[in-house]
Amino acid sequence: MKPITVITKPFPGQKPGTSGLRKKVVEFQQPHYLENFVQSIFNSIGPCDGHTLVIGGDGRFYNRETIQIIIRMAAANGFSRLLVGQGGILSTPAASCVIRKYQAFGGIVLSASHNPGGPSEDFGIKYNAANGGPAPEKMTNEMYQQSQNIQEYFSVESEDIDLDSLGKRQIGDTKIEIIDPVIDYADLMESKFDFPAIAGLFAGGKFRMCFDAMHAVTGPYAREILENRLGASKGTVVNAIPLTDFGGGHPDPNQVHAKELVSRLKGQNALDFGAASDGDGDRNMVLGKDCYINPCDSLAILAANAKLIPGYSGGIVGIARSMPTSRAADRVAASLGIECYETPTGWKFFGNLLDAGKITLCGEESFGTGSDHVREKDGLWAVLFWLNLIAVKQLPVATIVSDHWAQYGRDYFTRHDYEGVNSDSAHQMIDRLRQSLDELPGQEFAGLRVDSADDFSYHDPVDHSEATKQGIRVYFNNGGRVVFRLSGTGTEGATLRVYCDCYEDSPTRLAQDPQEALAVLIKAADQVAGIKQSTGRMAPDVIT
Ligand code: G16
């Protein structure tokens, strides 16, 4: 092993977004590009001497090559122990679990989440801190600063490490352990949920479900937990083999990209339960027979029923949701007499609240739900929570959902995404909205009057940091709310997200199609922002 120092120059734009640095694979493949960012991570968290680092990814194209580079650089930067998922695999929640369990210094997770994979698609890299959670903004800002001033990086000359067989390897003084990526996570799940009760659901063969792993990272996890430990029939998990290009699909668990699964939950021979997870296993979509559960409702329903689940039987101390997420969870929190925190989009904003013991559950409209068991959102955890709930209640999913609405009312919610729009026009549109905030109250759009409007800022109650410009909120006189923001995870142009939600408690109006229930609000949103004129699009690309 020979240490090497490589002279380099900064690349512009190595600024982590909502969740790490996401770019096209070809951008990462430029000489020194990846190495610069990895060294910037180490410079901002260092000194690294004597510490343990966890490394893994979602298996997408360029995962393995990147892991070899990171192993060499981690050895050169003084880490004494590296825990690497076998085959280079670790789902995002499993990485969080492993970091916490082995008290690592932190971890590097390679993923562009739900974005497609392959030589001309997306890649990503993110750092998770010692609590197992995404690096907070202070840390990612420091990484960016480092990347803009970098002059050299450190590596070693050594052979590639065998990533496929479990066991110990060594480069110089650095010990490398190739670990089973599933077992620690599966054990953690078993400690939280009533596995015998869930196994009972599957035992009679009457309860039928399908889990679509979308050829992404959760396949091995779902097979071990659902089929091996809980006894679901073989074949319950479909698209279970992680592929570098996700089989050419889009590993985004929503009704558009998991169409086949959705169709199996409809009609005469419909399954009782369906679920899907994304590229790196932190998102979830859950479905019942003829029933789609909006992630905002899912968070509220899990919170309302948490006491029925062994891992949460002592009750929950608080809930948090991202600002654009509907206010369904707030109603549950109010009835439980606990706090519901409203944070900016991004799981990293939940970390402090979880660490400080202020919340137990948290979630986002973007198919993310989680708890204090790790510091990431967790797709399979949400699926198991639902299965446990169904096993306890012995009711169809649709009944659990409608019972919830009957008790709390329903927060209709939809998100309209305009993808790959011209970045300048999108920013100009948001700037225009920002400048018009004072004039909006009192104005009418599509027959609705604006009550108030603002640009969301967050004051973290734990470390007192401020996050500003986190989304434009417009509140209307019918109780409806529209939020406009630009995505921080896209890699092409800009993605405009428009979130609409409105509360309804009339028992006769709880079962509408959200697009119909929110039709006027959607129209008002278009008029307030001039979406069609600014984007040149007549309709959104994705509706969730
Ligand atoms: C990431 C973040 C989430 C966020 C989502 C969408 O999820 O971890 O907190 O809600 O992106 O963010 P944006 O609206 O900025 O695109 P993931 O699953 O992509 O890592």
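**Backbone entries**

I note at the outset that the model is predicted.

I looked for a cis peptide bond and found one joining Gly46 and Pro47, with omega at about 5°. I placed Pro47 in the loop between helix 2 (33-45) and strand 3 (52-57).

I read a phi near 55° for His215, a residue in the loop between strand 10 (209-212) and helix 8 (218-229). I also read a phi near 55° for Phe246, which I located in the loop between strand 11 (237-238) and helix 9 (259-264).

**Helix packing entry**

I next examined helix 10 (residues 295-305) against helix 13 (residues 379-393): they pack at an angle of about 50°, and their axes lie 11 Å apart. That angle makes helix 10 oblique to helix 13. I recorded the crossing of helix 10 and helix 13 as left-handed.

Which residues make the contact? From helix 10 I listed Ser298, Ile301, Leu302 and Asn305. From helix 13 I listed Trp381, Phe385, Trp386, Leu389 and Lys393. I sorted the residues of this contact between helix 10 and helix 13 into six nonpolar, two polar and one charged.

Methods
Residues are numbered from 1 along each chain as its sequence is written. This is a predicted model: local features need pLDDT of at least 70, side-chain atom pairs count only at pLDDT 80 or more; totals for chains, interfaces and linings use all residues. Side-chain values use heavy atoms; hydrogens and water are left out. Helices (H or I, at least four residues) and strands (E, at least two) are DSSP runs, numbered from the N terminus. Axes are lines fitted to C-alpha atoms, for helices over the stretch in contact, and angles run from 0 to 180 degrees between N-to-C directions. Angles under 35 degrees count as roughly parallel, over 145 as roughly antiparallel, 65 to 115 as roughly perpendicular and the rest as oblique. A crossing is left-handed if the near helix is turned anticlockwise from the far one by less than a right angle, and right-handed if clockwise. Contact means heavy atoms within 4.5 Å. Ala, Val, Leu, Ile, Met, Phe, Trp, Tyr, Cys and Pro count as nonpolar, Asp, Glu, Lys and Arg as charged, and the others, Gly among them, as polar.
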